[in-house]
Amino acid sequence: MSVLIFVELDNGSIKKTSLEAVTYGAEVAKATGTTATALAIGTSDASELAKAGAYGAAKVLHANATELANENAMAYASVLAAAIQQENSEVVILPKSGLCDAMSARAAAKLGASVVSGVTDLPDLSNGFKVKRSIFTGKAFANVEVKGAVKILGIKKNAVEAVAGSGTAEVVVFSPSLVGGDFVAKVISQEKASGELSLTEADIIVSGGRGMKGPDNWQPLLDLAHALGAATGCSKPVSDLDWRPHHEHIGQTGIKVAPNLYIACGISGAIQHLAGVNSSKVIVAINKDPEAPFFKAADYGIVGDVFDILPRLTKAVLDTK
Amino acid sequence: MKILVCITNVPDTTAKISFIENDTKFNKAGVQFIIGPYDDYALARAVELKEQTGGSITVLNVGEADSDPQIRKALAIGADSAVRVNCDPQDSYFTAAQIAAVAKEENFDLILMGRESIDFNSGVVHGLVGELLGIPSFSPVMKLDIEGNTAKFAREIEGGKEYLEAPLPLVLGCQEPIAEWKIPNMRGIMTARTKPLKVVEPVAVGDMATLDKYTLPAPKGACKMIPADQAETLISLLKTEAKVL
Ligand SMILES: Cc1cc2nc3c(=O)[nH]c(=O)nc-3n(C[C@H](O)[C@H](O)[C@H](O)COP(=O)(O)OP(=O)(O)OC[C@H]3O[C@@H](n4cnc5c(N)ncnc54)[C@H](O)[C@@H]3O)c2cc1C
Ligand SMILES: Nc1ncnc2c1ncn2[C@@H]1O[C@H](COP(=O)(O)O)[C@@H](O)[C@H]1O
């Protein structure tokens with residue numbers, strides 16, 4: 001009966017958005033009079049996984065067969081479905097991510113479950129099971145009643161605040177039988193930037209647009225990001241022009257981010273860019289054009305030249321540390 | 001090679017979103033509709049693959065008659081035939097079940113979709129369809145080549161890319177730079193008029209999730225402007241006022 005929460009691992013550690021998912025799941029468990037069980041797939045230590053207990057999980061299932069070392073959404077979906085069945089879970093929570101969307105979809109089709117992704121708040125249980133989800137790329141919300149016997153929810157960053165308590169969780173090895181068909185794809189190679197902060201997890205993002213003028217001018221922006229411990233992003237033309245790597249592209253057709261602070265440097269604020277950042281808590285726009293549309297979407301604005309402003313902000317951050 | 005491309009009919013990316021009928025219906029008045037931008041990438045790559053290997057492209061939309069202009073546009077860009085499942089889908093599972101029902105009738109080698117629709121933003125229809133058909137699905141795919149019966153493709157992963165190979169048939173959710181968006185030419189527009197567009201009725205699916213009502217986000221407050229010569233004060237405001245540092 002327990003609420004099941006899938007936690008994503010990054011180098012063996014539970015990601016922050018997954019801790020939010022555990023908190024969310026524990027809240028639902030409390031409201032429905034049951035317990036929360038977390039599921040982790042891949043290599044990790046029992047001591048790290050036990051941390052889910054502090055966020056409300058009573059138990060952590062750990063599937064760590066060697067075949068599962070690579071993030072394989074189809075195999076992970078089969079493991080998720082097996083865990084849902086073993087735990088007899090009616091509510092299943094995943095953080096929203098590419099991996100989790102694929103897992104929740106395939107698991108839902110296996111079990112005939114409802115799947116609702118992009119959920120922004122805790123469910124309303126007063127009359128059925130209702131959730132609010134983000135639609136039209138952050139421009140609106142839909143309140144939907146989830147009707148399947150099994151309900152799989154993908155929750156957005158900041159849907160709840162993850163607060164550590166004093167609970168502990170028991171870590172149990174979980175080894176369902178693996179499905180051969182899930183492994184038909186051969187991974188030929190991976191290119192992964194190492195040591196970079198993940199954009200979807202980041203609390204602060206410093207992002208640059210065409211106003212940065214060229215790929216060689218990024219240092220002042222990187223310096224500010226470094227001083228703030230921020231991840232870096234960019235507008236679509238910047239990645240189209242290869243000034244910055246594609247995985248930094250934010251917006252309607254790129255990554256959707258939800259940091260506490262988004263600093264836009266030399267980005268005009270086209271609606272398609274704003275669609276990727278409108279879930280940010282606080283937005284700062286720096287642009288030399290006082291008419292730039294970004295100022296309409298921002299909380300703080302500076303009309304000025306990025307090459308003058310950025311180094312001064314970096315210095316101000318370092319001076320107050 | 002037989003390719004199925006699933007397209008959404010969605011408000012233009014600059015459209016203002018509003019609702020009518022007690023916030024239970026999207027207000028289509030004055031809104032320009034487009035093929036979903038990611039679906040447009042999928043379609044563009046399908047057209048290029050067909051040029052290389054021959055075969056046919058079918059486009060599929062689960063939607064009402066107002067999708068037809070976008071379906072005709074897809075035919076003008078290079079699809080050979082179209083199917084529209086006549087309904088107003090409210091839920092990803094329902095949509096996926098319709099797509100799977102059409103796909104079961106024919107053996108497509110490749111089912112291309114967008115990584116996500118820009119109205120529902122779910123990113124789940126490809127996975128659902130893959131599982132309902134019992135074939136693999138991958139997303140988001142940013143590079144795709146077909147050699148014989150094998151797809152060689154690159155998928156975006158966090159902070160980078162993964163190169164994969166898998167046997168057909170497959171369901172793939174696509175994004176740029178898989179191909180450049182294509183604009184229909186005059187000849188395409190003329191021939192599109194006579195290409196077949198079959199309208200079928202939906203198959204029954206149990207209620208999975210139903211809409212209660214839509215809401216809009218609270219309007220943003222005014223932007224606090226900081227004079228450029230006092231730019232440094234931003235940092236203290238972010239600390240003490242906004243409390244995000
Ligand atoms: C279907 C569709 C999807 C799209 N998806 C996306 C998306 O996902 N993400 C995205 O970003 N875009 C997207 N776009 C493109 C979008 O419409 C804009 O073209 C793009 O966001 C503009 O990027 P930019 O602001 O970097 O460049 P520009 O519009 O060229 O703006 C540059 C800005 O820099 C300012 N500037 C110049 N020099 C300086 C200086 N020295 N100091 C300070 N400011 C300076 C200028 O005043 C200007 O405001 C999409 C478009 C379409 C049609
Ligand atoms: N109503 C629909 N008709 C046809 N294809 C659809 C429909 N809805 C979603 N799709 C396809 O599924 C992809 C992912 O959609 P979604 O899961 O809603 O984000 C889209 O990019 C389309 O390719």
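Tutor: Let us begin with pairing: two strands count as paired if DSSP finds at least two bridges between them. The model is a predicted one, and in it strand β12 (residues 186-192) of chain A is joined to β11(B) by six bridges, the two running antiparallel.

Student: What makes β12 of chain A and β11(B) a pair, and which residue of β11(B) is the bridge partner of Ser189(A)?

Tutor: The rule asks for at least two bridges, and six bridges join β12 of chain A to β11(B), so they pair. Within β11(B), Tyr163(B) is the bridge partner of Ser189(A).

Student: Why is the contact of Asp212(B) with Lys130(A) called a salt bridge?

Tutor: The cut-off is 4 Å between a side-chain nitrogen of Lys or Arg and a carboxyl oxygen of Asp or Glu; the closest N and O atoms of Asp212(B) and Lys130(A) are 3.1 Å apart, and therefore the pair qualifies. Across the interface of chain B and chain A the rule finds seven salt bridges, along with 48 residue pairs in polar contact, both residues being at pLDDT 80 or more. On the side of chain B that touches chain A, β11(B) gives the most, with eight residues, and by class that side has 43 nonpolar, 15 polar and 21 charged residues.

Student: How is the size of such an interface expressed?

Tutor: It is often given as the accessible area lost when the parts come together. Here chain B and chain A bury about 6700 Å² between them, 56% of it on carbon and sulfur atoms. Of the area that chain B buries against chain A, 10% is supplied by Glu131(B), Glu158(B) and Lys220(B), more than by any other three residues.

Student: Why does Ser104(A) count as buried?

Tutor: Buried means under 20% relative accessible area, and Ser104(A) has 3% relative accessibility, so it counts as buried. Ser104(A) is found in helix α4 (residues 98-111) of chain A, and, leaving aside neighbours within four places in sequence, it is in contact with Leu94(A), Val115(A), Ile152(A) and Val124(B). A polar atom of the Ser104(A) side chain lies 2.7 Å from the backbone oxygen of Cys100(A).

Student: What makes β14 of chain A and β15 of chain B edge strands?

Tutor: The open sheet has six strands in the order β14(A)-β13(A)-β15(A)-β16(A)-β17(A)-β15(B), with parallel pairing. Its edge strands are β14 (231-234) of chain A and β15 of chain B, each of which pairs on one side only.

Terms used: Residues are numbered from 1 along each chain as its sequence is written. Chains are lettered from A and ligands numbered from 1 in the order in which they are written. This is a predicted model: local features need pLDDT of at least 70, side-chain atom pairs count only at pLDDT 80 or more; totals for chains, interfaces and linings use all residues. Side-chain values use heavy atoms; hydrogens and water are left out. Buried area is the accessible area (1.4 Å probe) that two parts lose on being put together, summed over both. A polar contact is a pair of N or O atoms within 3.5 Å; within protein, one must be able to donate a hydrogen and the other to accept it, and residues adjacent in sequence count only if both atoms are side-chain atoms. Helices (H or I, at least four residues) and strands (E, at least two) are DSSP runs, numbered from the N terminus. Ala, Val, Leu, Ile, Met, Phe, Trp, Tyr, Cys and Pro count as nonpolar, Asp, Glu, Lys and Arg as charged, and the others, Gly among them, as polar. Buried means under 20% relative accessible area, exposed over 50%, partly exposed in between (1.4 Å probe, protein chains only). Contact means heavy atoms within 4.5 Å.
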